[in-house]
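Below is a set of questions and answers on one predicted model. Each answer works towards the value or name asked for.

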Amino acid sequence: MPAPNKEEVHAVLEPYHSKIRSVVVNAWEEWRTVSALRAQNGLAPVLYSRTVSNDVFDAIARGGISTFAIEPGVNLKIETQTFKLFFKGKVCARFKRGNENKLGQNIPTQAAIAFEEADGELAGFPAHTAKVEIIWLANDLNTRLESVLVVARDGDRLLWEYEIEATPAAGAGTIITFPKPPTPPSDDDENLITPKAPGTKKTGEGE
């Protein structure tokens with residue numbers, strides 16, 4: 001099986017970028033809400049980073065399954081501890097937290113190795129299926145979501161990546177045009193009305 005082609009994968013996933021990113025962002029915001037509630041109730045922050053990864057992934061799974069279960073062109077495969085999305089019969093994607101190399105971290109099971117190796121074949125998927133990971137990266141303190149990436153790998157080697165960026169807010173960059181003020185009359189305007197000093201007669205008056 002050849003390594004995934006970046007341009008082809010991008011073309012397949014692009015119509016779904018906003019929903020993919022929303023699933024990750026919503027999951028992250030859920031985690032931050034829970035973290036804030038812990039602090040407000042006097043509970044210590046979680047001790048292990050893997051707890052953050054597990055909680056965010058649980059929210060991603062719930063959001064991803066409900067979002068893409070009815071999405072045209074996407075097939076959903078729910079497994080024991082994870083789920084995969086199969087886009088347009090061409091690209092299989094799974095969600096992972098990225099490490100310092102922007103790669104998902106896995107227990108080295110046979111299924112995980114098949115997904116990670118560029119020439120590995122996935123059970124139940126066509127032989128030509130491109131395999132990618134949708135990676136989320138947070139800062140060291142787990143207080144901010146840094147980026148959402150689509151990555152291709154071959155074992156522990158990153159082949160390529162691209163970022164799914166946030167969609168600009170509605171109205172961003174819109175230029176509002178205000179009506180122009182009326183042009184002030186010039187001194188030569190025949191219809192110009194000027195105030196008269198008291199007692200001044202109009203032209204022709206009293207003549």
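Q: Which residue takes a positive phi in the hairpin of strand 5 and strand 6, and near what value?
A: Strand 5 covers residues 145-154 and strand 6 covers residues 157-163; they pair in the antiparallel sense over six bridges. The hairpin has two residues between the strands. In this predicted model, the residue with the positive phi is G155, near 65 degrees.

Q: What length does helix 3 reach from its first C-alpha to its last?
A: Helix 3 spans residues 49-68, which makes 20 residues. At 1.5 Å a residue the expected length is 28 Å. The model comes close to that, with a reach of 28 Å.

Q: Which elements do the buried residues of helix 3 pack against?
A: The buried residues of helix 3 are V52, V56, A59, I60, A61, G64 and F68. An α-helix has 3.6 residues a turn, so residues three or four places apart point the same way. The partners of the buried residues in helix 3 are helix 2 (17-40), strand 1 (74-78), strand 2 (83-87), strand 3 (91-97) and strand 4 (130-138).

Q: How many aromatic pairs are there, and what are the centre distance and plane angle for F57 and F83?
A: With ring centres within 6.5 Å as the cut-off, the count comes to seven aromatic pairs. F57 and F83 form one that is tilted. This pair links distant parts of the chain, F57 in helix 3 and F83 in strand 2, 26 residues apart. F83 is buried at a relative accessible area of 1%, and its ring lies 6.2 Å from that of F57, centre to centre, with 35 degrees between the planes.

Q: Are F68 and F87 buried or exposed?
A: F68 and F87 form an edge-to-face pair, 5.9 Å centre to centre and 80 degrees between the planes. The pair joins helix 3, which holds F68, to strand 2, which holds F87, across 19 residues. Buried means under 20% relative accessible area. F68 has 0% relative accessibility and F87 has 0%, so both count as buried.

Q: Which residues do ring pairs link into a cluster?
A: F68 and F87 form an aromatic pair. Ring pairs extend this to a cluster of Y16, F68 and F87.

Q: Over which ring does the charged end of R50 sit?
A: The charged end of R50 is 4.6 Å from the ring centre. The ring belongs to Y48.

Q: Which element gives the largest share of the largest nonpolar core?
A: This core has 36 residues, and L13, I60, F87, F95 and W136 touch the most other members. Among the elements that each supply at least two residues are helix 1 (6-13), helix 3 and strand 2. The largest share, seven residues, comes from helix 2.

Q: Which residues does L13 contact, leaving aside its neighbours within four places in sequence?
A: L13 is one of the residues that touch the most other members of the largest core. Its contacts beyond those neighbours are F87, V91, V132, V150 and Y162.

Q: Why does I134 count as buried, and which residues does it touch?
A: I134 lies in strand 4. It counts as buried because its relative accessibility is 1%, where the limit is under 20%. Not counting residues up to four places away in sequence, I134 touches I20, A93, R94, F95, K96, V148 and L149.

Technical notes. Residues are numbered from 1 along each chain as its sequence is written. This is a predicted model: local features need pLDDT of at least 70, side-chain atom pairs count only at pLDDT 80 or more; totals for chains, interfaces and linings use all residues. Side-chain values use heavy atoms; hydrogens and water are left out. Two strands pair if DSSP finds at least two bridges between them. Helices (H or I, at least four residues) and strands (E, at least two) are DSSP runs, numbered from the N terminus. The expected span of a helix is 1.5 Å times one less than its number of residues. Buried means under 20% relative accessible area, exposed over 50%, partly exposed in between (1.4 Å probe, protein chains only). Contact means heavy atoms within 4.5 Å. Rings of Phe, Tyr and Trp (its six-membered ring) pair if their centres lie within 6.5 Å; planes under 30 degrees apart count as stacked, over 60 as edge-to-face and the rest as tilted. A charge sits over a ring if NZ of Lys or CZ of Arg is within 6 Å of the ring centre and within 35 degrees of the ring normal. A nonpolar core is a set of buried Ala, Val, Leu, Ile, Met, Phe, Trp, Tyr and Cys residues joined through side-chain atoms within 4.5 Å.
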